[in-house]
Amino acid sequence: MENSNVVRVKYKDQKKYVFSPTCTFESFLECVARKFDLPTMDIKVFDGSRTEVDQEAFEYLMKQPDVPVLEIFIPETTSEDSFNSGSLADAEDSSGSDDTVILTRSPRELRQAKERRLAQMIEDILKGSPGGDKIINEYARTKCLSDSRRRDMVKILVAHMTKEHGTSPPRRLKEDYALGIISLFPYLADPRSKLGYEHFYNGEDGSGYLAWRIKTLQKEASEGRVKRSRLSQAGGPSVDRDPYKEGNWLSDERQCEEAIALMKHTADESVIKEKMRLTLVYRQKILRDTDKSTDVLTIFPRFMDIPGLIEQDFTLLFGDTTSAKLMEKWSTNIKPKVIAQSRGLTQTGELQDLIQNAVATEVEEGWDSDMSSILLLVHLLPPSTQGRKRPGKISARQACDYLVKFLKNVVSIEGHLEGITQSVQPYLLAVGPKKSRIQSYFIVVDKQALPCKSSNSLAAVDELFKAHYVFGTTYCYELTNVYTFLQTTVYDIDVEITKVNPRVAELRARMLQ
């Protein structure tokens, strides 16, 4: 063939020419889809050796003096049986069709192609993110998005954008995401604006939902405050969730404010717990709002004096079965295996004391049996190397202090809280005459001490884990391996979408054998 820009194409029984002075793979596919009137751009291309042709291979073939006939298939129909042994040979012998496609497109066609590409990008990001399907389904059902779903969509897209391109993405990229949104969801376009997507991103003044979300993330990173990002690319406490069951939640803001006012002044615990139940969805809405999330304990102060409210919220989010899993599984199934695995570690004096206490029924010195076994888990899953941005590596012994701190009961809790000088993730404060005789546990969140429902150490750890989900806080970096192990091995939360450290995966496999 004399002209390498001429490509002979076969689809089923049709054979046609494609010609272009500057033929790219993308424009080739678009032209083929249009010429053969195909319902999709999802096309597979094969050469005469039945080898699939991708973008790189296509560019190579176009530089050859004799471009082979290319046969196209739609994936749903592509299989070994769909290849006719003589189809490509017939196409090689056929050059009689003068039906030629010229790959020169108008500005309108170029824009339409760009819109299709960006719409597909947005759809892929949403479908690959927790909560994304809910956004797509709501739009399909209503042709619009509620404020909460729109916020969720923006958070998902900005999370993806900043993960792939950093926290200061270029203007062109933000414009592409905004155009992709209204291309995928055309009813979200603003018919009164020049481009239709300025409310998502306006390159002229740097405003819009995408820009504001990026600025929020930049501000959070610079302040180094407790992270409460409600959406991420993985599972865990930062994922938005609906209640486990439908309920008669208060949705009217005035009603919620009235319930909050009543809770602040009543001493009746049953009334408080019922009003807290009714305001769950409203509370979750506050936690999704980065401007209000740090005020949740100010808005709902009864967390600080009524034990059991954390347990109630978690159960409403996940159900009774999930809520009970640690208490049901630990002592009979997980704990003995943790002790057995710990015996294989390099034995230090502290580790030997923890193993000894973990197997004991009565402990005189040191943490009790259940707490000792939990701390053994920290030794089995020590903090990972923190990298250049977080230099240094702390020991498992140091990491234990991020889980539980002992406070002798002659020292005031208020004094301990006043001594906190930096933002920290939730941890347990164990109060008593000595570690083996703890009288009460508190969960420290935002320099506030929330009373645990039980003085049992395992129940306190259970409540600490649940507090991350109730308040939407990320795991403490030093304990991420421990918490993701509990999340995916014991509670069975977001197992399929949570990325875990290889050490966690290995220990999980051993525990589940």
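**The main core and its surroundings**

Modeller: With 78 residues, the largest nonpolar core has Phe 303, Leu 428 and Leu 486 as the members with the most contacts inside it. Its largest share, nine residues, comes from helix α20. A nonpolar core here is a set of buried Ala, Val, Leu, Ile, Met, Phe, Trp, Tyr and Cys residues joined through side-chain atoms within 4.5 Å. Buried means under 20% relative accessible area, exposed over 50%, and partly exposed in between, with a 1.4 Å probe and protein chains only. Helices (H or I, at least four residues) and strands (E, at least two) are DSSP runs, numbered from the N terminus.

Please keep in mind that this is a predicted model: local features need pLDDT of at least 70 and side-chain atom pairs count only at pLDDT 80 or more, while totals for chains, interfaces and linings use all residues. Residues are numbered from 1 along each chain as its sequence is written, and side-chain values use heavy atoms, leaving out hydrogens and water.

Not counting residues up to four places away in sequence, Leu 428 touches several residues, including Met 371, Val 404, Tyr 441, Ile 443, Ala 460 and Leu 464; contact means heavy atoms within 4.5 Å.

Now for the sheet. Four strands form an open sheet in the order β6-β7-β8-β9, with mixed pairing; two strands pair if DSSP finds at least two bridges between them. At the edges, β6 (404-408) and β9 (448-451) each pair on one side only. Neighbouring strands are turned by 35 degrees against each other on average, direction ignored. β6 and β7 (residues 427-432) run parallel, joined by five bridges. Lys 405 has Leu 429 in β7 as its bridge partner. Helix α20 (residues 457-471) packs on this sheet, where it touches β7, β8 (440-445) and β9, and its direction makes about 20 degrees with that of β8. Axes are lines fitted to C-alpha atoms, for helices over the stretch in contact, and angles run from 0 to 180 degrees between N-to-C directions.

α20 also meets another helix. The buried residues of α15, among them Trp 330, Ile 334 and Val 338, pack against α20 as well as α14 (320-323), α16 (349-359), α17 (369-380), α21 (480-490) and α22 (502-512).

Finally, look at Ser 323, which lies in helix α14. Ser 323 counts as buried because its relative accessibility is 5%. Among the residues Ser 323 touches, not counting those up to four places away in sequence, are Phe 314, Asp 462 and Lys 466.
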